Every structure is written in C-alpha cells, then in structure tokens.
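Student: Can you walk me through this model? I'd like to start with the helices.

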Amino acid sequence: PLPSYIDTVALQSASDWSFDRESPEQVTLSLLVVHKGEIIHERYAPGVDMATRTRTWSTAKSIASTLIGMLVDDGRLSLDAPLGFEFFPASVPGSDPREAITLRHVLNMSSGLDTVDNRGHEYAIGSGLSYWAGSSSVVGARSRALMREPGTNWDYENYDTLLGVYAMKRALGSTERYREFPRRALLDRIGMRNTLVSTDRFGDFVLSSQVYTNARDLARFGLLYLQGGLWHGERLISEEWIEFVRTPAPATATRGNFYGGQWWLVPDDRTDVPSDAYSTSGNRGQYTMVVPSHDLVIVRRGLDYGRQGFDRWDLTRKVVGAFTETPTQGQ
C-alpha cells in the first residue's frame, strides 16, 4: 500500500499522461517511480518489460560524469587542472591555447572548442562516426579548433564529454583498468547488471551516448544520487561531487541556469516543479529525474521520433502533484 500522503488516482493520472500521448511521435516505453527506495509505480508498453534494454543516448553522459567524479574524489583527476593531453593537429608544447581547457570546462559543456553535433552534423562529420562508422571517438574529440575562451560559452557537444572520458582513461593508467572501471567502480556495486557500456572499434568508451540499459538499472543510478552518494552505507561518490553536478554551469547564467555537470537542472523559468530536481537526458526521451525534496526518482524511457519534446518537467510536476503533502523523515 502507498503512503497515506500519495493520491493513487493522481499518480495513475500522471502515468496515463505519460503513456497516452496525443503525438504519435512520442512513445513511452517504461515509467518507474521510486519513493524512499521503494518502487511505487512501474509500467511498460506492450512488448517491453523490466528486462528490456535500450540505448540511453545522452543519459550516458551522467554516468560518465559519475565515473569521472570518482577519480576526482580519489585525487587522480582535478576539476580545475588542464586536461593534460595534446590536441590535433599537434603544436609546440605551451603554444596551443587548447591546453588551458580544464575538466570543469568540458563537463560544463563550455570547452570553447568548435561544435559539430548540435548543428545536426553528428552523423556526417561528428561523433556519430565513432558510434557506427569506425572512427575514433578520441581522435575526433581532440581534433577541434578553439573558437571561444574556455568557460565563457555553453554549447552542447558530445565531444566535450568524450574529452572527459579520455582524461579518465589516462588517469586510470592502463587499458585493463580502464575497461574494467565502469563495472567494478559503479555498475556492479549498485546492481546495474543489465547495463552495457559500448566502445568504439578502438576500445574507447563512447560514454556520450552508447550505453544500453533498462528502467530499473537507471532507477538504481538515480537512487545513488538521491542517497547522497551512498549505497548500503558505502560512499561511492562524494557530496561535493553531487553539489558540482547540480551547480549551474557559469556560462548558462544568462540563459536560465539549466545545466550543471553533465546533468540537467530545472531552468529558472520553471517554477511549477521543485527547484532541487535534476535530471539525465537522452535523445528520444530517456530521462532519470531525481527529486530530493520528495525522496523521488522517476525514470521515463521513450522511443520518441527524433527529438520530439516529451517534457520531463511536466511529468515531474504531475508525479509530485500526487503527493498531498511533502513527505518528512519517518513518514
């Protein structure tokens, strides 16, 4: 039975809103609502069940940020140190302005490097070539010109994430440690055993997009953040790292403060949802929303056509609306 402060009719209405879309271009495959660590609603489209694994698209970026954060917590990476590797074409050390780019810059999507993917060219000349056309994700990420001063302009780019992933690889020091790291450090420890992290053909993780998983695994991922980085009493990520990913990137200050460290934030103009909520986001409607004020994780998986806009914050509003009062500790 649900807690007395949750309106079952309103919760079902939120679920129906998610599945009964007016647009045929928005198809909800699964919806999972977790409150205080318990599944309180779980629903799947015909032909889909709790074991169905689909691509996360850019929800993978939040997983990448988590893995990178573990190395920052461990002192093997630093947010504000230069990335520490060469770009292409190579130049005389100390003469390349790209050497000033830091891990914070790329995780905030503010590297200043030329963008490709957000102009609709990702499958022609961008990161998509490393997904399924045999190109190197690392070479592509390191082959862009600097267009703006790092940290001054927000521009969504898969290759920025992949620069962070390459920094992670270098910090781990060996190919074997790198290839084992996602599963040993994160996935196995929180029970994400149905999650597959794909690589390009050179063995580099394409953690900008190419992860396959199911709704329950993503709920576990969201719970890790909801629980402040703890899993069964063991600290996996620091509270400081969670604070970083939830802090608006400085370059978004004049545009609504909608993006943090590879996580999306409630924009300034949305006053109808809890301001402490934050979310992963993937193409075709892949969302994991964390709402600390209501002890909630909401997972919505979609098969939306292209980037047709299922609104994650509308769904969050409707689920939160099923709470007749804000739960307190012990309720």
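Student: How far apart should the ends of helix α7 be, and how far apart are they?
Tutor: Helix α7 covers residues 175-187. At 1.5 Å a residue, its 13 residues should span 18 Å. Its end C-alpha atoms are 18 Å apart, which agrees. The expected span is 1.5 Å times one less than the number of residues. Helices (H or I, at least four residues) and strands (E, at least two) are DSSP runs, numbered from the N terminus.

Student: What am I looking at, a prediction or something else?
Tutor: This is a predicted model: local features need pLDDT of at least 70, side-chain atom pairs count only at pLDDT 80 or more, and totals for chains, interfaces and linings use all residues. Residues are numbered from 1 along each chain as its sequence is written, and side-chain values use heavy atoms, with hydrogens and water left out.

Student: Back to α7. Where is its kink?
Tutor: At F181, shortly before the proline P182. The kink is about 45°. The bend at a residue is the angle between axes fitted to the seven residues ending there and the seven starting there.

Student: Which residues of α7 are buried?
Tutor: Y178, F181, P182, A185, L186 and L187. Buried means under 20% relative accessible area, exposed over 50%, and partly exposed in between (1.4 Å probe, protein chains only).

Student: What covers them?
Tutor: The cover includes α2 (59-73), α6 (158-172), β4 (196-197) and α8 (215-226).

Student: Tell me about α6. How many of its residues are buried?
Tutor: Twelve of its 15 residues are buried, so α6 is mostly covered. Among them are L162, L163, A167 and M168. The buried residues of α6 pack against α2, α3, α4 (128-132), α5 (137-141) and α7.

Student: What comes just after α6?
Tutor: G173, with a positive phi of about 90°.

Student: And α8? How many of its residues are buried?
Tutor: Ten of the twelve, so α8 is largely enclosed by the rest of the structure. The buried residues include A215, D217, F221 and Y225. The helix is followed by G228, whose phi is positive, near 70°.

Student: New topic. How many residues are in the largest nonpolar core?
Tutor: 62. Those with the most contacts inside it are L83, L103, M168, L186, L207, Y225 and W241. A nonpolar core is a set of buried Ala, Val, Leu, Ile, Met, Phe, Trp, Tyr and Cys residues joined through side-chain atoms within 4.5 Å. A second, separate core of 26 residues includes Y5, A14, V291 and F323.

Student: Where is F87, and is it buried or exposed?
Tutor: F87 sits in the loop between α2 and α3 (103-107). It is buried, with a relative accessible area of 3%. Leaving aside neighbours within four places in sequence, F87 is in contact with D96, R98, I101, L113, R142 and L163. Contact means heavy atoms within 4.5 Å.

Student: Which residues does the cis peptide bond join?
Tutor: F88 and P89, with omega about -5°. P89 is found in the loop between α2 and α3. Most residues other than glycine have a negative phi, and most peptide bonds are trans.

Student: What is the phi of Q262?
Tutor: Near 70°, a positive value in a residue other than glycine. Q262 is in the loop between α9 (239-245) and β8 (264-265). It is buried, with a relative accessible area of 1%.
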